[in-house]
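Okay, thanks for coming, everyone.

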Amino acid sequence: MRKLLPLEEHYRFHDFHSPALEEADFENKPMVLLVGQYSTGKTTFIRYLLEQDFPGMRIGPEPTTDSFVAVMYGDAEGSTPGNALVVDPKKPFRKLSRFGNAFLNRFMCSQLPNEVLKSISIIDSPGILSGEKQRISRGYDFCQVLQWFGERVDRIILLFDAHKLDISDEFSEAIKSFRGQDDKIRVVLNKADQVDTQQLMRVYGALMWSLGKVINTPEVLRVYVGSFWAQPLQNTENRRLFEVEAQDLFHDIQSLPQKAAVRKLNDLIKRARLAKVHAYIISHLKKEMPSVFGKENKKKELISRLPEIYVELQREYQISQGDFPEVKKMQEQLEVCDFTKFHSLKPKLIEAVDNMLANKIASLMSLISQEENNMPTEMVHGGAFDGTMAGPFDHGYGEGAKEGAGEQEWIVAKDKPAYDEIFYTLSPVNGKISGVSAKKEMVTSKLPNSVLGKIWKLSDCDNDGMLDDEEFALAKHLIKIKLDGYELPNNLPPHLVPPSHRKPLQVSE
């Protein structure tokens, strides 16, 4: 309010880039925006996360969702139409009123008492169509609305269907409207259970190739592969892959409440940098304008010379090229402006923003990290997020180091006869082999020394620098776990402790 807003207002930043921020923008819960072509499973994905229907929900193979639906927490189930929604000061949607009635008639808020929505809000968007005719008949600038949401949400999830990967022109434009928000984008390849492994590899490759043409970043986007609905898998070949991918996506969404303050601060810094650059551009155009004659011709000349002006400003103020707004869009907006009403450069306003970026933001960051350390970790709970939290369907339960948990018999015992044969070839003395002998056998696994060192530490239960037959069998079992692609535990779980070492271990506790 004190540092950045005066600069934005003085140089008409809100007319060119983004409406002014309000208190609700800082206080609202983290938001997740779902974008995708029709019938890619956006609404079903929300239903899968919430594990219940929400007001206004329609699902079908044809384009069903024709509105933007904000799914938010409410004490009672109900929906609020767009026109009423944009006058509510407690909701962060007031500035959407500038898109007019054509949009507001296609915008609503669904409220319901759901545990998931206590931590996050989800925005469902209309299915993106491929034909030119449908695009024109929307009646509002679809990409501008997406850009508005993109600047304010915490996560943008692009949904693709494993059966129809074509990125239509409108979808391509929609993705481009998230320029500058690349860190928020995640990609979900949905309905992946409907193809077999070979086809899935081809589909995944085709998706990465298509995205590479639309999103111009050197980094590869994170793609989550799975089937995000509560129905039996049609193809179970990749069940384990889908489980791991779903867990990764859940962790990503669950971490949003904790990172929300940092994200808002990050967006504020992006905005401040853009506002500064915008001030330099506007004041430069004002300076170049003649005071009396030839104003219209000079305006046309300046608009056509905008790329060169960008380069001049870059040099003069040492600004990074990536901080400048898109040339083409800026030229279009300048066409309808009266340059004589622009303001010349006010160093004081720039200094205030520089001071904010250099000093205030740094102290805010340290305050946020202190707050995070002192408060309990905020996580998204409820719905699908609780489905795999406990019990035998927890991720990794009964696999790797967790195999054999809760069973009476020691899990290593079934392979111990084979391990014993190797043990007795290593010339044990008094029933134990030395570290040197154990090393000769353990390095045959070709695992790096750092991993074998950890295995040794976990296996040498009595810390005597030697291994008895049970400890050696445990070491071989841990090597097998690692070779099967699982992670080693940091501490030896009780069910893996060799039977002969269990009693003294309990006494020491």
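Let me start with helix H4, residues 42-50: it lies across strand S1 (31-36), S2, S5 and strand S6 (155-161), and runs at about 160° to S5. Contact here means heavy atoms within 4.5 Å. Angles run from 0 to 180 degrees between N-to-C directions, with axes fitted to C-alpha atoms, for helices over the stretch in contact. Helices (H or I, at least four residues) and strands (E, at least two) are DSSP runs, numbered from the N terminus.

Quick caveats. This is a predicted model, where local features need pLDDT of at least 70 and side-chain atom pairs count only at pLDDT 80 or more, while totals for chains, interfaces and linings use all residues. Residues are numbered from 1 along each chain as its sequence is written, and side-chain values use heavy atoms, leaving out hydrogens and water.

Now, the sheet. In what order do the 8 strands come? Reading across, we get S3-S4-S2-S5-S1-S6-S7-S8, an open sheet with mixed pairing. Strand S3 (78-81) and strand S8 (223-225) are the edges, each pairing on one side only. Pairing takes at least two DSSP bridges between two strands. On average, neighbouring strands in this sheet are turned by 25° against each other, direction ignored. Zooming in, S2 (residues 68-73) and S5 (residues 121-124) pair in the antiparallel sense over 3 bridges, and Ala70 stands opposite Ile123 in S5.

On to the inside. The largest nonpolar core has 49 residues, and Phe68, Phe93, Phe149, Leu158, Phe160 and Leu189 touch the most other members. Apart from that core lies another, of 35 residues, among them Tyr11, Ile309, Phe342 and Leu349. By nonpolar core I mean buried Ala, Val, Leu, Ile, Met, Phe, Trp, Tyr and Cys residues joined through side-chain atoms within 4.5 Å. Buried is under 20% relative accessible area, exposed over 50%, partly exposed in between (1.4 Å probe, protein chains only).

Last topic: rings. Phe, Tyr and Trp rings (the six-membered one for Trp) pair if their centres lie within 6.5 Å; planes under 30 degrees apart are stacked, over 60 edge-to-face, the rest tilted. The count comes to 21 aromatic pairs. Trp148 and Phe149 have ring centres 5.3 Å apart and planes at 90°, so they're edge-to-face. Trp148 is buried, at 2% relative accessibility, and Phe149 is buried at 0%. Phe339 and Phe342, on the other hand, are stacked, 5.2 Å centre to centre with 25° between the planes.
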